[in-house]
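Dear colleague,

Please find below the structure that I am handing over to you. My notes on its salt bridges, strands and pockets follow.

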Amino acid sequence: MTQKQAIQLFEEKKVRSAWDSETETWCFSIIDVIAVLTDTDRPRKYWNDLKKKLLSEGSQLSEKIGQLKMLSPDGKKRLTDVADMEQMFRLIQSIPSRKAEPFKQWMAQLAA
(Lines give C-alpha, C1' and ligand atoms only; values in the text may rest on other atoms or scores of the structure.)
Protein backbone atom coordinates (compact mmCIF):
# COMPACT_ATOMS: atom_id res chain seq x y z
CA MET A 1 0.00 0.00 0.00
CA THR A 2 1.37 3.38 -0.98
CA GLN A 3 0.14 5.90 1.53
CA LYS A 4 0.57 9.50 2.42
CA GLN A 5 -0.24 10.46 5.98
CA ALA A 6 -1.66 13.82 6.91
CA ILE A 7 -3.33 15.60 9.77
CA GLN A 8 -6.68 17.06 8.80
CA LEU A 9 -8.48 19.66 10.89
CA PHE A 10 -12.16 19.52 11.75
CA GLU A 11 -13.32 22.44 13.90
CA GLU A 12 -9.69 23.00 14.90
CA LYS A 13 -9.29 19.42 16.15
CA LYS A 14 -6.70 17.10 14.64
CA VAL A 15 -7.77 13.98 12.78
CA ARG A 16 -4.93 11.74 11.65
CA SER A 17 -5.53 10.37 8.18
CA ALA A 18 -3.79 8.44 5.42
CA TRP A 19 -4.37 8.48 1.68
CA ASP A 20 -4.01 5.09 -0.01
CA SER A 21 -3.09 5.82 -3.62
CA GLU A 22 -3.69 2.23 -4.74
CA THR A 23 -7.33 2.15 -3.63
CA GLU A 24 -7.72 5.94 -3.83
CA THR A 25 -9.32 6.13 -0.41
CA TRP A 26 -8.77 8.02 2.83
CA CYS A 27 -8.42 6.18 6.14
CA PHE A 28 -9.01 7.97 9.41
CA SER A 29 -7.91 7.30 12.97
CA ILE A 30 -11.00 6.05 14.76
CA ILE A 31 -9.76 7.37 18.10
CA ASP A 32 -9.39 10.88 16.64
CA VAL A 33 -12.87 10.80 15.10
CA ILE A 34 -14.41 9.64 18.37
CA ALA A 35 -12.60 12.43 20.22
CA VAL A 36 -14.00 15.00 17.77
CA LEU A 37 -17.57 13.67 17.83
CA THR A 38 -17.92 13.00 21.55
CA ASP A 39 -15.61 15.57 23.18
CA THR A 40 -14.54 12.79 25.55
CA ASP A 41 -11.10 12.88 27.09
CA ARG A 42 -11.02 9.05 26.94
CA PRO A 43 -11.68 8.24 23.27
CA ARG A 44 -9.78 4.92 23.51
CA LYS A 45 -12.11 3.72 26.26
CA TYR A 46 -15.14 4.91 24.27
CA TRP A 47 -13.90 2.96 21.21
CA ASN A 48 -13.30 -0.22 23.25
CA ASP A 49 -16.82 0.01 24.71
CA LEU A 50 -18.32 0.72 21.27
CA LYS A 51 -16.52 -2.30 19.75
CA LYS A 52 -18.00 -4.55 22.45
CA LYS A 53 -21.47 -3.09 21.85
CA LEU A 54 -21.21 -3.57 18.09
CA LEU A 55 -20.07 -7.19 18.50
CA SER A 56 -22.93 -7.93 20.92
CA GLU A 57 -25.37 -6.51 18.34
CA GLY A 58 -23.94 -8.80 15.67
CA SER A 59 -22.18 -6.09 13.67
CA GLN A 60 -19.08 -7.24 11.82
CA LEU A 61 -17.80 -3.71 11.31
CA SER A 62 -15.17 -3.87 14.05
CA GLU A 63 -13.78 -7.08 12.51
CA LYS A 64 -13.05 -5.19 9.27
CA ILE A 65 -11.15 -2.37 10.96
CA GLY A 66 -7.48 -2.15 10.02
CA GLN A 67 -4.48 -0.70 11.77
CA LEU A 68 -1.80 1.69 10.54
CA LYS A 69 1.24 3.18 12.21
CA MET A 70 0.47 6.84 12.73
CA LEU A 71 2.25 9.61 14.56
CA SER A 72 0.95 9.77 18.13
CA PRO A 73 0.87 12.88 20.34
CA ASP A 74 4.14 11.78 21.98
CA GLY A 75 5.89 11.94 18.59
CA LYS A 76 6.24 8.18 18.10
CA LYS A 77 4.59 6.11 15.38
CA ARG A 78 2.13 3.67 16.92
CA LEU A 79 -0.44 1.29 15.53
CA THR A 80 -3.91 2.78 15.65
CA ASP A 81 -7.28 1.51 14.46
CA VAL A 82 -8.31 3.12 11.18
CA ALA A 83 -11.39 3.00 8.99
CA ASP A 84 -11.95 3.99 5.39
CA MET A 85 -14.73 6.39 4.47
CA GLU A 86 -17.42 3.74 4.04
CA GLN A 87 -16.58 2.09 7.36
CA MET A 88 -16.35 5.47 9.07
CA PHE A 89 -19.80 6.54 7.83
CA ARG A 90 -21.24 3.32 9.28
CA LEU A 91 -19.35 3.79 12.53
CA ILE A 92 -20.52 7.39 12.94
CA GLN A 93 -24.12 6.14 12.88
CA SER A 94 -23.36 4.35 16.17
CA ILE A 95 -22.12 7.50 17.89
CA PRO A 96 -24.79 9.90 19.13
CA SER A 97 -23.40 13.35 18.35
CA ARG A 98 -24.68 16.68 17.10
CA LYS A 99 -21.43 16.91 15.13
CA ALA A 100 -22.11 13.73 13.12
CA GLU A 101 -23.69 15.39 10.07
CA PRO A 102 -21.14 18.24 9.80
CA PHE A 103 -18.36 15.65 10.15
CA LYS A 104 -19.82 13.47 7.38
CA GLN A 105 -20.00 16.52 5.11
CA TRP A 106 -16.40 17.35 5.96
CA MET A 107 -15.32 13.81 5.05
CA ALA A 108 -17.24 13.97 1.78
CA GLN A 109 -15.43 17.22 0.87
CA LEU A 110 -12.09 15.48 1.41
CA ALA A 111 -13.13 12.77 -1.02
CA ALA A 112 -14.12 15.24 -3.72
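Which residue's side chain meets that of Glu-57 in a salt bridge? The partner is Lys-53, with an N to O distance of 3.8 Å. A salt bridge here is a side-chain nitrogen of Lys or Arg within 4 Å of a carboxyl oxygen of Asp or Glu. Glu-57 is exposed, at a relative accessible area of 52%, and Lys-53 is partly exposed, at 41%. In these terms, buried means under 20% relative accessible area, exposed means over 50%, and partly exposed lies in between, for a 1.4 Å probe and protein chains only.

Please note that this is a predicted model, in which local features need pLDDT of at least 70 and side-chain atom pairs count only at pLDDT 80 or more, while totals for chains, interfaces and linings use all residues. Residues are numbered from 1 along each chain as its sequence is written, and side-chain values use heavy atoms, with hydrogens and water left out.

Salt bridges

The structure holds 8 salt bridges. One of them joins the side chains of Asp-39 and Lys-13, at 2.5 Å from N to O. This pair links distant parts of the chain, 26 residues apart: Asp-39 is in the loop between α1 (30–38) and α2 (43–56), and Lys-13 is in strand β2 (residues 13–20). Helices (H or I, at least four residues) and strands (E, at least two) are DSSP runs numbered from the N terminus. Asp-39 counts as partly exposed at 42% relative accessibility, as does Lys-13 at 31%.

A further salt bridge is formed by the side chains of Lys-51 and Asp-81, at 3.4 Å from N to O. Lys-51 lies in helix α2 and Asp-81 in strand β5 (residues 77–84), so this pair ties together parts that are 30 residues apart in sequence. Lys-51 is partly exposed at 23% relative accessibility, whereas Asp-81 is buried at 14%.

Strands

Strand β3 (residues 25–29) is largely enclosed by the rest of the structure, because 4 of its 5 residues are buried. Strands are taken to pair if DSSP finds at least two bridges between them. β3 is joined to β2 by 4 bridges, and the two run antiparallel; Ala-18 stands opposite Cys-27 in β3. These two strands form a hairpin with 4 residues between them, and Glu-24 in the turn has a positive phi of about 55°. β3 also runs antiparallel to β5, with 3 bridges joining them, and Phe-28 stands opposite Ala-83 in β5.

Pockets

A pocket is an open set of points on a 1 Å grid over the protein atoms alone, where a 1.4 Å probe fits, with protein on both sides within 12 Å along at least five of seven lines; lining residues have an atom within 4 Å of a point. Grid points are joined across faces, edges and corners, and a volume is the space filled by probe spheres set on the points.

The largest pocket holds about 200 Å³ of space. It is lined by 13 residues, and the closest to its centre are Ile-31, Arg-44, Leu-79, Thr-80 and Asp-81. α2 and β5 are the elements that give two or more residues to this lining.

The second largest pocket has a volume of about 160 Å³. Its lining residues include Ile-7, Lys-14, Arg-16, Ile-31 and Arg-44, and β2 and α1 are the elements that give two or more residues to the lining.

Yours sincerely
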